[in-house]
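The following exercises are to be worked with the sequence and the coordinates at hand. Each task is followed by a solution in steps.

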Amino acid sequence: MAGANAQTKVPTADEILQAAYKQAAEQNKNVLVIFHASWCGWCRKMDASINNPDCKKYFDDNYVVTHLTVHENDDKKKDENAGADEILKKINAFEEGIPVWLVYDKNGKLIGDSFIKAADGKKTNIGCPASEEEVAAFIKVLKATSSINDKRLAVIATVFRKNERH
């Protein structure tokens with residue numbers, strides 16, 4: 001098996017996003033991009049909640065869900081998607097914790113994100129929604145960027161609220 005040990009090239013952020021936009025256009029969906037790292041427990045909770053059998057279909061029917069790898073430890077820097085850090089810097093989120101998630105339409109226009117304004121007016125990343133306030137903000141973005149009905153949004157809210165207790 002010649003080449004079996006050859007390293008595969010990690011796609012750039014732009015390559016991943018362009019493929020996601022193309023798929024979203026073909027399927028009449030939006031794109032949910034999750035910035036994550038292998039060491040991030042909250043990133044794993046976000047993925048587990050999205051893929052929970054009670055709500056996976058709602059995400060699959062409305063979004064092309066994709067990931068961009070950022071903020072890896074030194075031994076895994078090679079796994080990062082080139083250009084993903086620049087996207088975080090552009091939206092002033094590079095110093096925020098992960099996961100950071102963004103919702104784009106099929107043309108690449110940003111239509112939702114993981115940020116809420118705190119009482120002091122500062123932008124705060126909610127990451128993986130868990131608290132009542134975070135989940136409410138997440139549901140508000142989902143409602144604005146999908147055709148998921150209120151009953152199904154309530155199911156998603158219930159699944160994500162469980163993250164606060166685990």
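**Exercise 1. Helix H5**

How many residues does helix H5 have, and what distance does it reach from its first C-alpha to its last?

Solution. The model is a predicted one, in which local features need pLDDT of at least 70 and side-chain atom pairs count only at pLDDT 80 or more, while totals for chains, interfaces and linings use all residues. Residues are numbered from 1 along each chain as its sequence is written, and side-chain values use heavy atoms, with hydrogens and water left out.

Step 1. Helices (H or I, at least four residues) and strands (E, at least two) are DSSP runs, numbered from the N terminus. Helix H5 covers residues 132–145 and has 14 residues.

Step 2. The expected span of a helix is 1.5 Å times one less than its number of residues. From its first C-alpha to its last, H5 reaches 20 Å, close to the 20 Å expected.

Step 3. Buried means under 20% relative accessible area, exposed over 50%, and partly exposed in between (1.4 Å probe, protein chains only). In H5 the buried residues are Val-135, Ala-137, Phe-138, Ile-139, Val-141, Leu-142 and Thr-145.

**Exercise 2. The packing of H5 and H6**

Determine how the axes of H5 and H6 are placed, and name the residues that make the contact.

Solution. Step 1. Axes are lines fitted to C-alpha atoms, for helices over the stretch in contact, and angles run from 0 to 180 degrees between N-to-C directions. The axes of H5 and H6 come within 10 Å and cross at roughly 145 degrees.

Step 1. From H5, the contact (heavy atoms within 4.5 Å) involves Glu-132, Val-135, Phe-138, Ile-139, Leu-142 and Lys-143. From H6, the contributing residues are Asp-150, Leu-153, Ile-156, Ala-157, Phe-160 and Arg-161.

Step 2. Within this set, Val-135, Phe-138, Ile-139 and Leu-142 of H5 are also buried.

**Exercise 3. The cysteines**

Solution. Step 1. A disulfide is a covalent bond between the sulfur atoms of two cysteines. The criterion applied is a pair of cysteine sulfur atoms within 2.5 Å, and the structure holds one disulfide.

Step 1. Cys-40 and Cys-43 form the disulfide, with their sulfur atoms 2.4 Å apart. The torsion about their S-S bond is about 80 degrees, so the disulfide is right-handed. Cys-40 is buried at 2% relative accessibility, and Cys-43 is buried with a relative accessible area of 2%.

Step 2. The closest cysteine sulfur to that of Cys-55 is in Cys-128, at 11 Å, which is too far for a bond. Cys-55 counts as buried at 0% relative accessibility.

Step 3. Cys-128 is in no disulfide, and its nearest cysteine sulfur, that of Cys-43, is 8.6 Å away. Cys-128 is buried, with a relative accessible area of 3%.

**Exercise 4. Backbone geometry in the loops**

Where does Pro-99 lie, and what is the phi of Asn-28 and of Asn-92?

Solution. Step 1. Pro-99 lies in the loop between helix H4 (84–90) and strand E3 (100–104). The peptide bond from Ile-98 to Pro-99 is cis, with omega near 5 degrees.

Step 1. Asn-92 also lies in the loop between H4 and E3. Although not a glycine, Asn-92 has a positive phi of about 55 degrees, and at 62% relative accessibility it counts as exposed.

Step 2. Asn-28 is placed in the loop between helix H1 (13–27) and strand E1 (30–36). Asn-28 is not a glycine, yet has a positive phi of about 55 degrees; at 63% relative accessibility Asn-28 counts as exposed.
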